[in-house]
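Here is a friendly briefing to read alongside the sequence and the model.

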Protein chains: 2
Amino acid sequence: MTRARIHNFSISLDGFGTGVGQSLETPFGHAGHRLHEWMFATRFGTSMFGREGGSSGVDNALAQQFEPGIGAEIMGANKFGPPGWQDDADWKGWWGPNPPFHTPTFVLTHRPRSPIEMEGGTTFHFLEAPPAEALDTARQAADGKDVRIGGGVTMVRDFLAAGLVDHAHFVQVPILLGRGERVWDGLEDLEQGYDIETVASPSGVTHLIFDRKAS
Amino acid sequence: MTRARIHNFSISLDGFGTGVGQSLETPFGHAGHRLHEWMFATRFGTSMFGREGGSSGVDNALAQQFEPGIGAEIMGANKFGPPGWQDDADWKGWWGPNPPFHTPTFVLTHRPRSPIEMEGGTTFHFLEAPPAEALDTARQAADGKDVRIGGGVTMVRDFLAAGLVDHAHFVQVPILLGRGERVWDGLEDLEQGYDIETVASPSGVTHLIFDRKAS
């Protein structure tokens, strides 16, 4: 059985996966880049921008798990673009001509459109479906590999609540955002289905790694 | 200058310092003992109950910081007793004849009563005062030593928000309570005033240690 996996999902100490005031200029609202600086400081993070250098310790090792074995991604509408992207027929995501997914990528939206083929193997498919059905569709496209549950906050919470996630890697950044979207809301007792490993990195972030318990 | 210190303050992964439904039988509501099992597994924790044994690693070393150098404690009304304790003239706290404070201990309440002298050096004083004024009073009683900010959740949040805390030790337990009192609410950007050290214990909990930045 293949797995559904969450990777590099950054949250603040108070549990926010994004701030308030999301826009084209500020994809994470008032959080700015603070939730993801840890990743951009790694070799994995710098390579995403075609640059060199970066750390190669535990942050990097865990960040790199993002790619191996993944055959498709599902993301929520709020990850694909700023509020209102559905009204822009030319919007193709934040990531330029060669997005970092390199697989079929399913965007959950109430306003599906035709697929968009990008460079590097990423094709965006637009899908209106509940979590379990979306995962089935992505599994078929993943061709025997795992499916990445890509975010944003709301869809991650929905997939966790539906019991569809096999592996989840959260990265807790020691900042207090105070406002935004909380990832843990409505997930009482979630830990009972998982083995949880916690790693405090010298960089200051804390990795929380959830693996579904063997049933 | 002496310090105001928080110790062994346990929270869930979703930031709750207590659950819902607090009562005489369930001081932490539906959280039960889950937030504090880590502490009761240490030598420090077993000694609180006059027993022997327990772990002597990082959890124990940090838990033991609770006592040295403390000359007084301030606690909120919700820590001193279950809802309605103010109506019980005989209520003397949860802790039996010899409470684990061993110093003057100031209980913040809108319904002050006469002091209660317990065994072992603990005297409960009842005080209606805002945080800064309460801290001044406790500092005088502490006679050159530090003051412990004892909880519960609301008063810890109030003292943090007022900028009165010099050192804070939170212990994040990997459970999701879903409901209760959140410690981080209203503390946006709190981290900017502190150096924060994070330690993941083999026991599964994560220690978050805040030390006020040198000004």
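Strand 3 (residues 70–76) of chain B is mostly covered, with six of its seven residues buried. Buried here means that 20 or more other C-beta atoms lie within 10 Å of a residue's own, while exposed means 12 or fewer and partly exposed is in between, with C-beta atoms placed from the backbone. Strands (E, at least two residues) and helices (H or I, at least four) are DSSP runs numbered from the N terminus.

This is a predicted model, in which local features need pLDDT of at least 70 and side-chain atom pairs count only at pLDDT 80 or more, while totals for chains, interfaces and linings use all residues. Residues are numbered from 1 along each chain as its sequence is written, and chains are lettered from A and ligands numbered from 1 in the order in which they are written.

**Around strand 3 of chain B**

- Strand 3 of chain B runs parallel to strand 7 (residues 146–149) of chain B, and four bridges join them; two strands pair if DSSP finds at least two bridges between them.
- Within that pairing, B:A72 has B:V147 of strand 7 as its bridge partner.
- Strand 4 (residues 104–108) of chain B is also parallel to strand 3 of chain B, again joined to it by four bridges.

- In chain A, nine strands make an open sheet of mixed pairing, in the order 5-6-4-3-7-1-8-11-10.
- Strand 10 of chain A pairs with strand 11 (residues 206–212) of chain A in the antiparallel sense, over seven bridges.
- One of the residues in this pairing is A:I196, whose bridge partner in strand 11 of chain A is A:F210.
- Helix 5 (residues 131–142) of chain A lies across strand 1 (4–12), strand 3 (70–76), strand 4 (104–108), strand 6 (123–127) and strand 7 (146–149) of chain A, and runs at about 150° to strand 3 of chain A.
- That angle is taken between N-to-C directions on a scale from 0 to 180 degrees, with axes as lines fitted to C-alpha atoms, for helices over the stretch in contact.

**Chain A as a whole**

- Chain A holds six helices and eleven strands.
- Its radius of gyration is 16 Å, close to the 17 Å that the globule rule gives for 215 residues, so chain A is as compact as a globular protein of that length.
- The radius is taken over C-alpha atoms, and the rule is 2.2 Å times the number of residues to the power 0.38.
- The C-alpha trace of chain A spans about 45 × 40 × 35 Å along its principal axes.
- Of the 215 residues of chain A, 42% count as buried.
- Among contacts in chain A with a separation of 6 or more, 63% are between residues 24 or more positions apart; a contact means that C-beta atoms, placed from the backbone, lie within 7 Å.

**How the two chains meet**

- Chain B is superposed on chain A by a rotation of 180° with 0.0 Å of shift along its axis (RMSD 0.0 Å).
- The two copies are thus related as by a two-fold rotation axis.
- In chain B, the C-alpha of B:A200 is nearest the axis, 2.7 Å from it.
- The superposition is by least squares on the C-alpha atoms of residues with pLDDT of at least 70 in both copies.
- The contact takes 21 residues from chain B and 21 residues from chain A.
- Strand 10 (residues 194–200) of chain B gives the largest share of the side of chain B that touches chain A, with four residues.
- 100% of the interface residues of chain B are also interface residues in chain A, so the copies meet through the same surface.

**Backbone details to check**

- A cis peptide bond joins A:G151 and A:G152, with omega about 0°, and A:G152 sits in the loop between strand 7 and helix 6 (153–161) of chain A.
- The peptide bond from B:G151 to B:G152 is cis as well, with omega near 5°.
- A:H102 has a positive phi of about 60° although it is not a glycine, and A:H102 is partly exposed, with 16 other C-beta atoms within 10 Å.
- B:D189, also not a glycine, has a positive phi near 70°, and B:D189 counts as exposed, with 10 C-beta neighbours inside 10 Å.

Definitions and conventions. Contact = placed C-beta atoms within 7 Å.
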